[in-house]
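Please look at the sequence and the model together, and read the report below with both in view.

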Amino acid sequence: MNRHFLPLCMAASLAVSLAGARVRAQNPGAQPPAPTPRASAPIDVTGYWVSVVNEDWRFRMVTPAKGDYKGVPITREALQIVNAWNPAADEAAGNQCKSYGAAAIMRVPGRIHITWQDDNTLKLETDAGMQTRLFQFGAPAAPPAQPTWQGQSLARWERPGRGNPAVKAGSLAVTTTNMKAGYLRKNGVPYSDAARVTEYFDLSPMPGNAQLIVVTTIVDDPRYLTQQFVVSSQFKKEADGSKWDPTPCSATW
């Protein structure tokens with residue numbers, strides 16, 4: 001062995017240690033990088049989930065009669081749209097997805113699949129209507145040039161205990177804007193392109209180690225609603241995607 005090798009290695013190690021000490025001295029308050037939204041998630045919402053329709057059955061499982069807007073606080077302008085609803089015209093205009101937009105999609109019976117697209121983005125897909133929603137944590141990306149059915153969604157984790165990241169409990173909060181005008185219900189009850197959707201995703205345990213996602217949806221629309229429209233939708237977790245059944249949008253069912 002070269003008799004100079006060991007001292008040289010020790011010298012190199014000492015130089016690295018001194019360099020690190022100087023960096024720490026210059027940045028005494030330096031902290032390690034914050035964990036990503038994926039790594040710091042207080043709850044796990046990923047997987048396949050199926051709708052549990054335990055409320056508003058007659059508005060969700062069948063197409064309501066024209067003019068039936070019971071339970072939705074609409075304006076007079078919105079009532080004109082309700083009474084003029086024409087599903088054939090929507091189909092002809094390529095607007096068969098108007099009841100599958102972000103303000104209504106969680107009420108559409110079917111299955112959802114939630115995955116992490118990357119460390120900062122959750123992806124939610126629906127088999128009914130074959131829609132894809134992206135929930136972006138952190139700084140918002142540039143909005144698309146034109147509004148879309150699913151709009152632009154910003155996400156954050158809400159935790160009890162003043163947001164302590166060590167607490168493994170909390171909710172997924174999502175705020176969506178920049179949506180195309182659509183329908184809150186299949187029969188033409190409208191929301192406008194000025195609407196804002198706020199959602200809270202919470203997990204609830206069930207007997208037999210089963211799980212529910214409870215999604216609370218709050219729609220604010222200065223044009224077509226006289227007050228907030230609030231609904232709660234539930235989804236039960238499934239073991240896998242064997243029952244996944246993608247079907248296109250429909251204006252009549």
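## The largest nonpolar core

The largest nonpolar core has 27 residues, and within it L122, L172 and F201 touch the most other members. A nonpolar core here is a set of buried Ala, Val, Leu, Ile, Met, Phe, Trp, Tyr and Cys residues joined through side-chain atoms within 4.5 Å, where buried means under 20% relative accessible area, exposed means over 50% and partly exposed lies in between, with a 1.4 Å probe and protein chains only. At least two residues of this core come from each of β2 (111-118), β3 (121-126), β4, β5, β6 (171-177) and β10 (210-220), and β2 gives the most, with three residues.

L122 is in contact (heavy atoms within 4.5 Å) with V45, T46, I114, T115, W116, R133, L134, F135, F137, W157 and L172, when residues up to four places away in sequence are not counted. Apart from this core lies another one of 17 residues, including A103, M179, V189 and Y191.

## How the model is read

This is a predicted model, in which local features need pLDDT of at least 70 and side-chain atom pairs count only at pLDDT 80 or more, while totals for chains, interfaces and linings use all residues. Residues are numbered from 1 along each chain as its sequence is written, and side-chain values use heavy atoms, with hydrogens and water left out.

## The chain and its barrel

The chain has 253 residues, of which 41% count as buried, and its secondary structure comes to five helices and 11 strands. Helices (H or I, at least four residues) and strands (E, at least two) are DSSP runs, numbered from the N terminus. Among contacts between residues at least 6 apart in sequence, 60% join residues at least 24 apart.

Nine strands close into a barrel with mixed pairing, in the order β1-β2-β3-β4-β5-β6-β9-β10-β11; two strands pair if DSSP finds at least two bridges between them. Strands of a sheet pair through backbone hydrogen bonds, either parallel or antiparallel. Strand β1 (residues 47-52) pairs with β2 in the antiparallel sense over four bridges, and G47 stands opposite I114 in β2. Five bridges join β1 to strand β11 (residues 229-238), again antiparallel, with V52 opposite Q234 in β11.

## Aromatic rings and nearby charges

How many aromatic pairs does a search of the whole structure find? The search finds five, where rings of Phe, Tyr and Trp (its six-membered ring) pair if their centres lie within 6.5 Å, and planes under 30 degrees apart count as stacked, over 60 as edge-to-face and the rest as tilted. F137 and W157 form a tilted pair, with 5.3 Å from centre to centre and 35° between the planes. Because F137 lies in strand β4 (residues 132-137) and W157 in strand β5 (residues 152-158), this pair ties together parts that are 20 residues apart in sequence. F137 counts as buried at 5% relative accessibility, and W157 counts as buried at 13%. Ring pairs also link W116, F137 and W157 into a cluster.

Two lysines have a charged end over a tryptophan ring: K180 over W149, 4.0 Å from the ring centre, and K186 over W253, 5.3 Å from the ring centre. A charge sits over a ring if NZ of Lys or CZ of Arg is within 6 Å of the ring centre and within 35 degrees of the ring normal.
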